[in-house]
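Please keep the sequence and the structure in view while reading.

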Amino acid sequence: MWQLLKIELYKIFRRPRTFIAFAVIAAIIFLIQVALKFGGEEYVGMMMSGLNSTFDAPADQVMNGYFVCFIILNLLLIHVPILVALVAGDMISGEANMGTLRLLVSKPVSRTQLLLVKFTAAGIYTILLLLWVALLSLFLSMLIFGTNELFVARGEEVNIISAADILWRYIAAFAFATVGLITVAALSFMLSAFADNSIGPIVATVCVIIVFTILTQMQIPFYDNTIKPYLFTTHMLGWKGFFYVQGEEGVTIERSIENLPAIIRSGLILLAYAVLFLFTAIWYFKRKNILS
Amino acid sequence: MSSIIQVKHLSKEFRDIKAVNDLSFEVPAGQVYGFLGQNGAGKSTTIRMLLTLITPTAGSIEIFGMELRHHRKEILRQTGAMIEKPDLYKYLTALENLRIFALMSGMKVTEKQLMDQLAMVGLAERAKSKVRTFSQGMKQRLGIAVALVHDPRLIILDEPTNGLDPQGIADIRKLIWHLSRDLGKTLMVSSHLLGEMELIADNMLIIDKGKKIVEGKKEALLNPDTVQVEIMTDDKDKAIAVIRETNWKDCLAASANGTVLLEMQKEDIPQLNRTLAERGINIFSLRPKHTLEDFFLSLTKN
């Protein structure tokens, strides 16, 4: 199994297209960091203008590495799934398209084993992509902007989290985001098992994410209880929960999380979706006639 | 002689199309088994069923005396295949491709072993070139190296000479002879190049529309007691009339464009020639049809 996994990882990381996602992420993060370095105070001013008028904090205190990372994650975690789909959606259909799938399936490896190994490889790629996001958005921002308290705006209120109470929240948030992106990888992987060309599963995954994200963000009461709870994109936003804290008389309680059960529930729902997508892919692929 | 492959009543249906229809055959050990049929005859579907790429609708496949469904891994570990086009990872080198497929077959191979394999197919000097830079012939040879890299007992090659120039075809022919005669491998080779199959195969199976037409030793198939004889005369109708007066009247098979076709005993041909000449019929040519191509076309033209 380990040998097969090494082969799959070797194939992924010997393809130039694999590194497109890493380059795109680096470019976006760099652009955001440059913009905030030179226009950060203006941005903070705009953001604070919608808040309760009693809140007042100097912009240079608000603008720090943790705050920049929070902004980047808000912007980026909607788009990273598209980059995950580029690789996960190509795992099986790409082999069919190249004509190598028939060689793989005629080797002494079971189809279930082949799919599990391929999915694990897609998962490892996803984790590496998130580590790359973490390295650039968190650690590089900490170097460039320094560290201080994190100001998290929620409607008209602001949660203020002390600098010593932040890092573990980011680690937890990235771990949660990993689960969310693995779910996207599983969806893309499942669609890949159905197809014989790479474009179809990638485009289909992107379409599903766009439609579900629009539905998730629509403020229509009818959808709030009927559709939204069942969309995996709704639960992918659960990482923000680690930055929503409990307070007592206006003071934030250290190491607190406002609604941990909701985060756990969202994480379990995402995992359930991932397992469902993966098992559907295996069930279908075991019966598939390889005609490519 | 023991059989390496035993196929019994194999069928495959795709919706309402019967791609393979009640096909049974046996591949003897240590021989080159030619698998012939027109495009769409069901050759590739059959080969894909032997390699578990396609699930049969009915029938059974035994390889090395084991049922394929229940002993898939053991069988595939000892089987090498090149299926249709030799598609490989174009962004990897020849050496990398070879290593990947050796490892997938459960073989740990040294770089020297891989290089020896590439040398055998004449690609040692291009070992570190990316496959995307290879010509069709080089890809074909690399595909064969991939099929052989784990030293299989059974080698299945689907159209191995596709896209090769005459020298490349001759090289593949020599390689197949070497594998069969020197190394004792069993090869099942499908091809539409009938002349090539005539040169390399010991046994043959011809299928048409998914069904077996004929199977047997090459010599027996190409030199049977009864042969087809094509006669070209200046008066086809008169020739037919004469033949109808003789004991060969039931041998008439067809006639067209000045030629008469008979199926008859080989030793009767000189007597037929004399009879027609004595009755004043000018014979331009009298040709026993016994090349594989003639044989194949006579079997499949209807």
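The model is a predicted one.

## Overall form of chain B

Chain B holds 11 helices and 14 strands, and its C-alpha atoms fill a box of roughly 75 × 40 × 35 Å when taken along the principal axes. The domain assignment divides the chain into domain 1 (3–221) and domain 2 (223–300), and the C-alpha centres of these two domains of chain B lie 39 Å apart.

Of the 302 residues of chain B, 41% count as buried. Among the contacts in chain B with a separation of 6 or more, 68% are made by residues 24 or more positions apart.

## An open sheet and its helix

In chain B, four strands in the order β2-β1-β4-β5 form an open sheet with antiparallel pairing. The edges are formed by β2 (17–28) and β5 (66–67) of chain B, each of which pairs on one side only. Strand β4 (residues 58–63) of chain B is joined to β5(B) by two bridges, and these strands run antiparallel; B:I63 has B:M66, in β5(B), as its bridge partner.

Helix α1 (residues 43–50) of chain B packs on this sheet, where it touches β1 (3–14), β2 and β4 of chain B, and its direction makes about 120° with that of β1(B).

## Two residues with positive phi

B:R15 lies in the loop between β1 and β2 of chain B, and its phi is near 50°, a positive value in a residue other than glycine. B:R15 counts as exposed because it has 4 C-beta neighbours inside 10 Å, where the cut-off for exposure is 12 or fewer.

B:E159, which is not a glycine either, has a positive phi of about 50° and is found in the loop between β7 (154–158) and α6 (166–182) of chain B. Is B:E159 buried or exposed? With 20 other C-beta atoms within 10 Å, B:E159 is buried, since a residue counts as buried at 20 or more.

## The interface between chains A and B

Contacts link 18 residues of chain A with 23 residues of chain B. On the side of chain A that touches chain B, the elements giving two or more residues are α1 (2–13) and α7 (101–105) of chain A, and α7(A) supplies the largest share, four residues.

Conventions: Residues numbered from 1 in each chain as written. Chains lettered and ligands numbered in written order. Predicted model: local features only at pLDDT ≥ 70, side-chain atom pairs only at ≥ 80, totals over all residues. Contact = placed C-beta atoms within 7 Å. Domains from an automatic or database assignment. Pairing = 2+ DSSP bridges. Axes fitted to C-alpha atoms, helices over the stretch in contact; angles between N-to-C directions.
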